[in-house]
Amino acid sequence: MELKQQEAMDTNIEVPIKPDKGNSPFRIALKRFLKNKLAVIGVFVLLGIILAVTFAPLLTEHSPTKSNLLLIERPPSEDHPLGNDSSGRDNLSRLLYGGRISLIVGFSAMIFTLIIGVTLGSIAGYYGGKIDAIIMRAADMMLVLPFLVLCLTIVAILERVNVGIFVAIIAITSWPNLTRIIRGTYLSLREQEFVLGAKAIGASDFRIIFKHFIPNAIGPIVVNATLMMATYIIIESGLSFIGFGIPQPTPTWGNMISEAQSLRILRNSPEAWIPPGLAILTTVLCINFIGDGLRDAFDPKSNRR
Amino acid sequence: MYKYIIRRLLIFIPMLFVLTIFVFGLIQAAPGDPITGKNFDPNIDPEVFERQKEALGLNDPIHVQYWNWVTKVMQGDFGESYIFKGRDVSELIGERIGNTFYLGIFTLFITIIVSIPIGIYSAKKPYSILDYGATTFGFFGLAVPNFFFGLVAIYVFSIKLGWLPSQGSVSSPGLTGIELFLDKLQHLILPGLTLGLAGTASYMRFMRSEVLDVLASDYIRTARAKGMTNRSVLYKHTLRNAMIPIITLLGFEVGILLSGAVITEGVFQYPGIGTLFLSSIGNRDYPVIMAINLMLGFFILLGNLLADIFYSIVDPRIRYD
């Protein structure tokens, strides 16, 4: 190798030197991830779902919110492959557009929780002391009540909920778990020598957190973020199902299933409520596969796989 | 040990205080109140509302209202429901808590008798057909929203097959003795399976990996080397150690079951705490919401404490003092 390089330099011919593959932690993780078949299938199916809901207008010409009194609870027809709901809206278009809302809620709630959780976790884990004690006691408080009950109480009190408020409620009630995980990772990082080194050359706290701590904690952060998104999609659908989530007529998968609370629809039109249920199941399954794949990929102990 | 338990119990008090202040503050911050919000009738003189508000103490400053509530709760009085006129909150909760309790016990029972044997078998014969089946079930069990599973269960077992009732906790009020028991049991099956699905899936996976870990340890090799049969290696040495983390998880299960019960009970119209909570939230029945929040918080703290106590019982290496 060295000889070749030497020759190349001597003769001034450019020989493409392959970078050392497999050295960067990211590359190792990627390699491991790609070996996990379920995770790769998960990525492709999830991409398919995302494409389908993004290009919903191309797949159906019906509006998801326009009701047609003549078509109430119609069985499937050529024009409406999944029939119509109790307000005469097209179920297929609600399934596609609803997927948008469900995925957006899951994704943005995850991002918001990440922002809150990483910020608080970083402050608590990096500075320690009093501020750490305050943040962790607050987290303990939030964990006393089950997340769902807390969410429901806040939703009940606010009365009027839209997508933005809903996302905020989820983020505000669910940061403690992530905060704990990040703080735990930081506590062990804080004692390491490269941090002392960074401090010695005068790096600011902000720089140390962003350049040294977060990259070292990226494994648990990414894995938890993925699994959180799956949980939030289920939570959103559950709350919308019992009528305390995103209000009608905005379509979400949970909203569509809530139609089946009427025994008549439950019995007579399974085509109205089974597809959104399967959509949630498939999406969550894919995200969980990806999450598991990421966990194994980032975990240095998982070489046996 | 006793000192530890007492110390933990004492920490409950400030935690529950903060929790109730938080919920109370949220309720106060909410626009409107139950009087003007729900029973609005233009024919009624606004003065009547005013008098009613005064009588309920809704015009007092927040801290006075909170303090009144706390002193009453200390005496075991959770106040009167705003919606069910003249009924005590404790009475409303009392008549439903039994049902939620049965549902919880039944769910836990199913979860344990299904997940633990399957988990052990999967670990004993990894990569067998049953192991793959169990793994697949585990993935689905964790991904399916429980209300959707509940609806499918109603669709299949109540509507299509007609085997099991789809809602309520008893079919007719006149039943007694063994008939009543069997009837209640029938009503528990579908909600119990629904509520227990996710738990069963995760315990199964957990049990499998736990047993696999223990089977790979040195003392198991020693036990095999001295000529123990596979059977006694599994039951005497492996299971006892593999069960330790599972038993601990059972303490945390209290919170999971209670919050899962809210949606599951909603699906099956099962008259428990969950459906009471949902209807009080819909009606803004604040005394009931407060009481249920306090109760859930207490039970969850108790569950966490039990988890720690169990832990030291099953694993003598762990000592609290």
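Reader: How many residues of chain B are in contact with chain A, and how many of chain A with chain B?

Author: In this predicted model, 33 residues of chain B are in contact with 29 residues of chain A.

Reader: Which elements of chain B give two or more residues to that side?

Author: Those elements are helices H1 (2–29), H6 (129–143), H7 (146–160), H10 (230–268), H11 (273–283) and H12 (286–314) of chain B.

Reader: And what is that side made of by class, nonpolar, polar or charged?

Author: The side of chain B that touches chain A has 27 nonpolar residues, together with 5 polar and 1 charged.

Reader: Switching to chain A, how many helices and strands does it have?

Author: Chain A has 14 helices and 0 strands, and of its 305 residues, 41% count as buried.

Reader: What about its contacts along the sequence, how many join residues at least 24 apart?

Author: Taking the contacts in chain A between residues at least 6 apart in sequence, 68% join residues at least 24 apart.

Reader: Back to chain B, where is B:Tyr127 found, and is it buried or exposed?

Author: B:Tyr127 is found in the loop between helix H5 (89–124) and H6 of chain B, and its phi is near 65 degrees, a positive value in a residue other than glycine. B:Tyr127 counts as exposed because 8 other C-beta atoms lie within 10 Å of its own, and a residue with 12 or fewer is exposed.

Reader: What about B:Gln269, where is that one?

Author: B:Gln269 is found in the loop between H10 and H11 of chain B, and although B:Gln269 is not a glycine, it has a positive phi of about 50 degrees. With 13 C-beta neighbours inside 10 Å, B:Gln269 counts as partly exposed.

Methods:
Residues numbered from 1 in each chain as written. Chains lettered and ligands numbered in written order. Predicted model: local features only at pLDDT ≥ 70, side-chain atom pairs only at ≥ 80, totals over all residues. Contact = placed C-beta atoms within 7 Å. Helix = DSSP H or I, 4+ residues; strand = E, 2+ residues; numbered from the N terminus. Nonpolar A, V, L, I, M, F, W, Y, C, P; charged D, E, K, R; others polar. Buried ≥ 20, exposed ≤ 12 C-beta atoms within 10 Å, placed from the backbone.
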